[in-house]
There are 2 protein chains.
Amino acid sequence: MVSQAFEEISPADFFYRNRDIAGFTNPSRAIFAAMRELVENSLDAAELGGFPPDIYVRLTYGGEGGPESKVYKLRVQDNGSGITSRHIPSAFGQVLFGSKYKLKQARGTFGLGGTMAVLYGQITTHKPAYVVSSTGSTKVYTYRIMIDIQRNRPIILERRVLINKDRWHGTIVEFSLEGDYFRAMPKILEYLKQTALVNPYANITFVDPKGRLYRFTRVTTKMPVPPKETLPHPYGVDVETVNRLTQFTQHRNMLDFLKAHFHRVSERVAHSFLEFAGIAKTKNPKKLDPNEVVTLVRMMKRYEGFRSPSASCLSPLGQDLLLAGILKELKPEFVSVCQRKPSTYAGHPFIIEAAIAYGGEIPKRGDFLLYRFANRIPLLYDEASDVSYNVVKSMNWRRYRVSQDMPIAILVHVCSTKIPYKTVGKEFIADRPEVKKEVLNGIREASRKLQRFLSKRAHVEREKRRLSVFSQYLPKIARFSTELAGKEKEPDIRQLLESVNKLGRTETRR
Amino acid sequence: MVSQAFEEISPADFFYRNRDIAGFTNPSRAIFAAMRELVENSLDAAELGGFPPDIYVRLTYGGEGGPESKVYKLRVQDNGSGITSRHIPSAFGQVLFGSKYKLKQARGTFGLGGTMAVLYGQITTHKPAYVVSSTGSTKVYTYRIMIDIQRNRPIILERRVLINKDRWHGTIVEFSLEGDYFRAMPKILEYLKQTALVNPYANITFVDPKGRLYRFTRVTTKMPVPPKETLPHPYGVDVETVNRLTQFTQHRNMLDFLKAHFHRVSERVAHSFLEFAGIAKTKNPKKLDPNEVVTLVRMMKRYEGFRSPSASCLSPLGQDLLLAGILKELKPEFVSVCQRKPSTYAGHPFIIEAAIAYGGEIPKRGDFLLYRFANRIPLLYDEASDVSYNVVKSMNWRRYRVSQDMPIAILVHVCSTKIPYKTVGKEFIADRPEVKKEVLNGIREASRKLQRFLSKRAHVEREKRRLSVFSQYLPKIARFSTELAGKEKEPDIRQLLESVNKLGRTETRR
């Protein structure tokens, strides 16, 4: 008989073996994924410090690689808040080590991206990564690190401390990796363009391996209001979360426990809920038995008196910034932008921003251009599995006088403390009913404005044509009538022309 | 200035926080995912022991849950090879602990599924899981376990050892979880049906919460040839793999090292390759420096003299079993089945099996039914992102006299040591060019046979119509002619009728 052999593997080993699921599928996807993970870390780091991001990305040729790839050196530099010295090695040399998870909107969510990029570089080139960082103190730290994949630990090859005269703050990451830049190029440029669109307060500079410079300049230094950290909403917690809270709490009765550790639970609501759930107010949370914890969680999901989550943990772009971004990058003839009210799925707050742009430099393609964003990240792959794609496909566009062959771009931005991604590679958003409904409402709202614009324009076109008929024939009729009447002076037809010109008037009959 | 706080989380905590990516998205998906993970473990365990699988799945109602879910008790029992006592707690209580990864075809690949199911049960019901297992020895072990999610370790609440009189072997897992069975039901039944289709040598019994019995009975006890464990192919390795091999090897020169640890590398090939790569045959593999390892890996990808991987590590279903499965579950009028020759992507061998079935109990739907399988697992979600879906959409079906409104089912089975899944939840297969090409060729091959069948049937229909005209009018003509000629006896027209009947003859003119 054959019996099974078992083994335990480290998270780094897991993602090394299954790098497809983190987006590192092939040399082209890998170089795209590496760059985006680092750029998104950089944007988060700059916003955390309240600095309008200045991101510098450089990709240089570093020699031949495999048959379908070359070696590149990737350098990403930011002006973010920097990483404290002792955390630098783990931040880039350990999988599942990352910014402390907080209940607020952020780009990175998995504690995975930066290290995956470095790991991919290591397994293709066997070279250490070079990291420089300072929090703006008197010192700058530089590290050369590699990853012990089997143990999921950073190996520090070199550490140096330099004087930080200028009080520079930020992080520089530089490492070699194999990739296929020329295949990835269209996606990378599209990614940078869309990132610029949805972060119009960022400067992004990219120098490609041929030395070509791509510069995306900020159009504003106004940044969205940063998200606030929040407490978990009672609808969104499970038994594990409650257990952790009971272990950690200082409070000795349920009333204080609920008020202190849950989002928007007031004294009044806590009272009313505990009565509903049949749990004594004086119960010590540390003494809840497993069944009581389960009852507590179930009752939280059933109780209808909790206030909906506040959106202060979210940081949508806002209509002005969204509009600025679209005008800057898409240069359309018309845009309508819509921000929906905050909503929730499974206790997680979210906000949908939608826009529809028409004409100008938007190409006609036979179908709509769809720009998908999540927490200010562009999503470029696996469009057909995304909630927004499905919404756009399901809509009855005739109702909005819109057809597939018009030059139209639709933009959907989902902001949430917890984006329901389907993949670790952050490619598309799952079809949660609450999210779907809000996306639909957002696109509808934007589309109605487009419809009014298109109707009005069609009306203007009709009137122009009508007027041109009058202005063409009236003078002739006037001249002919004058001649026929044997008079010399033609009548003044200007007043007549004006009277048929509906365009200039504020009121129109239809 | 705000500075970042960092934390390290355990893999269990990672998947707990990000359960969407493992398929546990909502109460309906969760109950589906839990059941499939355990059923697939069970099928693997039975096949490992060489036993035609007998799988028993029972879902019983266990009380009210949240507002959109109920509590169920899920029990999955198999006749597999069992788990040795000391590994039982970790096999179901530790994430990233699983059957030792071997280079051969298997259903489970992530060391995640069983534990994720138990973890989901725990965070929704806070009840321990009950596991019974024996390898067929004199003892049966039972455990009650929970998971310490933050530490990623099993907590053993109870352990018992029983006498195994009957030398029973197998595993029973039973635990409670919240879910929405009635929403999940169509997918679960479809999943079991498709599992039965692609595992026609398995008995699968399912008792649902209403006590309804679904039984999928084996049509054969013949099982596919089990896959053999194989060595890594030189095209498929990276620097990390080579490093691990050099640490582990007993061999002291490159020639022996290559022959011993790589797939299908003979003395001759090893000689020739080392010459190509400019590496000395006598070099001690343990003394390769980082740059030499990189060179070795790159040269392996460039060298064209390696033999292609053998398919002995794969275990496709085979034409007979596939046919049996399709006839049993789909009951079509016509099936054509095709098994492609082994091929490789990135050094991983794979085999495509494709089938196309027509008529019978297959419904007309306006588009084709697509059944997707990977290593004998049905894939039911996110069809539109799957390589097979894209191939089917891109094909010119008119060429095969086939239109979307015909009752047609297409089946694609991808077998590989490494299925390029895009998600941990094993929902769909990435668009690797080599895989795509083979899927296309497989469907084409099967479609050509369907085309011949359809042409032939159209021909038969025409002939039947033609013959019915003859057999209708010839007797009348004969009678009329007899009367006209004033004779009594009608001529024998049978021979004449036979002469126009092309159907009975072996040769037809067109």
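Predicted model: local features only at pLDDT ≥ 70, side-chain atom pairs only at ≥ 80, totals over all residues.
Good morning. Two residues are counted as in contact here if their C-beta atoms, placed from the backbone, lie within 7 Å. By that criterion, 61 residues of chain A are in contact with 61 residues of chain B.

Let me begin with the interface. On the side of chain A that touches chain B, the elements giving two or more residues include β1 (6-8), α2 (27-49), β4 (97-99) and α9 (290-302) of chain A. The largest share, six residues, comes from α9(A). Sorted by class, this side of chain A has 28 nonpolar, 22 polar and eleven charged residues.

How do β4(A) and strand β1 of chain B run relative to each other, parallel or antiparallel? They run antiparallel, and three bridges join them. Within this pairing, G98(A) stands opposite E7(B) in β1(B).

I turn to the relation between the copies. Chain A is superposed on chain B by a rotation of 180° with 0.2 Å of shift along its axis, at an RMSD of 0.3 Å. The two copies are therefore related as by a two-fold rotation axis. The same surface serves both copies, since 100% of the contact residues of chain A recur in chain B.

Finally, the sheet of chain A. This is an open sheet of eight strands with mixed pairing, in the order β7-β6-β5-β8-β3-β2-β9-β10. Its edge strands, β7 (153-163) and β10 (213-216) of chain A, each pair on one side only. From one strand to the next, the twist averages 15°. Against this sheet packs α4(A), touching β3, β5, β6 and β8 of chain A, and the helix direction makes about 35° with that of β8(A). Thank you.

Technical notes: Residues numbered from 1 in each chain as written. Chains lettered and ligands numbered in written order. Least-squares fit on C-alpha atoms with pLDDT ≥ 70 in both. Helix = DSSP H or I, 4+ residues; strand = E, 2+ residues; numbered from the N terminus. Nonpolar A, V, L, I, M, F, W, Y, C, P; charged D, E, K, R; others polar. Pairing = 2+ DSSP bridges. Axes fitted to C-alpha atoms, helices over the stretch in contact; angles between N-to-C directions.
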